[in-house]
Amino acid sequence: MKSLTGRAKVLDNPKMTFKERIYLPAIIGGITITLRHLFKRKATIRYPEEKRTFSPVWRGMHVLKRDDNGAERCTACGLCAVACPAEAITMTAAERKPGEEKLYREEKYAATYEINMLRCIFCGLCEEACPKEAIFLTDRLVSTDYARDGFIYGKDKLVEPVDKRVDVSKRQTPNVLEFKKIKHYRHNR
Amino acid sequence: MAKITIDGIETEVPDGTTILNAARQIGGAIVPPAMCYYTSLQQSGGKCRVCLVRVAQASARDPRPLPKLVASCSTPVQDGMIVENITSPDVLEARKGVVEFLLINHPLDCPICDQAGECDLQDLSYAHGLATTRYEEERRTFEPIDIGDKIKLHMTRCILCYRCTYVADQLTDERRHGVLNRGDRAEIGTYIQKAIDNDFSGNMIDVCPVGALTDRTFRFKSRVWFTRPLDAHRNCEKCCGKVVLWTKGEEVLRVTARKDKYGEVHEFICNECRFEHKNLSDWVVEGPRHIDRHSVISQNHYEKINLVALKKEIERQIQFQKGRTNGNNPNALTA
């Protein structure tokens, strides 16, 4: 019967030739491919001993930066939280008391700052929204855990230690680095 | 009655109306911004200069243009006046300059400021200002001062609009604060930080166009765009009792008076309503406050859509577009 549309494909199932029926040429062909791959460069690495180098713009675990004097840069302005598409960031603000100028850069600071790493999609919008150069995504990985509450990272895990700074200079564009040279801007002091 | 044309749109207003109020009767994009003018405060206006407009024809009898840009908030209309606001490049250039001047001493500490998100200066500089500053001198700085236990004064953010002093003069019986010194040294102050504890002193917070006067009970509690504004009222003997509650969950973080779309309060509220009643149970909640969708506060803010109003607005826009393309209305805004 002729098909109505004329688009149907007619399948034929031809008989195998003698060469195909003994299978040996196909098997040898397969083995050759396997052998060729044995001597090629491997795509995998032996992970715990060997680690891949990250791209300079890799978006991994966040860091809350301190300034050159060791004061926390974050002022709890909430722009990262409002920019966050996954609503992973929460914070509460507090007022800096006299005598705490060494600890906090501005008169307001984040008393608590939490990122839910299970919600976070590592898009980097918080980094883009930050007006104070306080939050950056780094090339560190968020470690695995068995429980969910272990993934809510507070300031204890996010703020960089004074003696162990996290270098983020390679994440900054040439424009930003140029801007940072202008020292009479209050932001750069 | 006087016939006046603003940016090609003709309207008729009573004699003695200012150009700004005439523009507000038309509404839309042609309304000049105003930082110091406040409808409900007498004598306000004429200080900030952001409402400057060009008068292309002074009146029907005298068709010459006015020699300089005029402050629209304090210039009364004349019959046959032709005003250019956003259609005049001169005005936009001047306004840009005024914004730059207003920002000379402004610290731009919006990440810290409680006013951020509902700040007139923020909106204005976003619309007209430069992204960078040309000012290289030291900015004048002041320490924040507590005016009483409810109000915080950040003099560094002040643009000297004088609105708060008019509130004190016209709403309360005794003014305790004012502008000290002159010129670029002028500052709002109270002698020896004298507390202002009048029943209506809290309205200074609402009239302040910037973050110079802020609510101490709300200080750093939350950014305004994380709060949920609700219209509410209560029976108050001193004031109208109609307020906006800025809530987070069941918690009332802040109480303010209701502002219209030009950021002006018409019914001032007393300090008892503003500071003492921070329980949701004290108030009769009317519903969510309408927030303009261009405001950052409308982020995560859900309200019931008024379909009738939406339909009207869409029909109005269709009519407007038709008028533009057919050329039926040569005076229609073409910019």
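Predicted model: local features only at pLDDT ≥ 70, side-chain atom pairs only at ≥ 80, totals over all residues.
Q: Is chain A spread out or compact, going by its radius of gyration?
A: Chain A holds six helices and five strands, in the order α-α-β-α-β-β-α-β-β-α-α along the sequence. For 189 residues the globule rule gives 16 Å, and the radius of gyration of chain A, 28 Å, is well over that, so chain A is more spread out than a compact globule. The C-alpha trace of chain A spans about 95 × 50 × 40 Å along its principal axes. On the radius of gyration, then, the answer is: more spread out than a compact globule.

Q: What share of the residues in chain A is buried?
A: A residue counts as buried here if 20 or more other C-beta atoms lie within 10 Å of its own. Of the 189 residues in chain A, the buried ones make up 19%.

Q: Which residue of β3(A) stands opposite T92(A)?
A: Strand β2 (residues 89-95) of chain A and strand β3 (residues 108-116) of chain A run antiparallel and are joined by seven bridges. Within β3(A), the residue opposite T92(A) is T112(A).

Q: What is the bridge partner of N116(A) in β5(A)?
A: β3(A) is also joined to strand β5 (residues 152-153) of chain A, by two bridges, and these strands run antiparallel. For N116(A), the bridge partner in β5(A) is I152(A).

Q: How does the radius of gyration of chain B sit against the globule rule?
A: Now for chain B, whose secondary structure comes to seven helices and 14 strands. Its radius of gyration is 21 Å, close to the 20 Å that the globule rule gives for 335 residues, so chain B is as compact as a globular protein of that length. The C-alpha atoms of chain B fill a box of roughly 55 × 50 × 40 Å along the principal axes. The value asked for, the radius of gyration of chain B, is 21 Å, close to the rule's 20 Å.

Q: Where does the largest nonpolar core lie?
A: This core has 53 residues, and M35(B), C51(B) and M204(B) touch the most other members. Both domain 1 (2-101) and domain 2 (103-220) of chain B give residues to the core, so it lies between domain 1 and domain 2 of chain B.

Q: Which helix gives the largest share of the side of domain 2 of chain B that touches domain 3 of chain B?
A: The centres of domain 2 and domain 3 of chain B are 23 Å apart, taken over C-alpha atoms. Their contact takes 15 residues from domain 2 of chain B and 17 residues from domain 3 of chain B. The largest share of the domain 2 side, three residues, comes from helix α5 (residues 203-207) of chain B.

Q: What do the buried residues of α3(B) pack against?
A: In helix α3 (residues 120-128) of chain B, the residues D120(B), L121(B), Q122(B), L124(B) and S125(B) are buried. The buried residues of α3(B) pack against α2 (89-102) of chain B.

Notes
Residues numbered from 1 in each chain as written. Chains lettered and ligands numbered in written order. Pairing = 2+ DSSP bridges. Helix = DSSP H or I, 4+ residues; strand = E, 2+ residues; numbered from the N terminus. Rg over C-alpha atoms; globule rule 2.2 N^0.38 Å. Buried ≥ 20, exposed ≤ 12 C-beta atoms within 10 Å, placed from the backbone. Core = buried A, V, L, I, M, F, W, Y, C linked by C-beta atoms within 7 Å. Domains from an automatic or database assignment. Contact = placed C-beta atoms within 7 Å.
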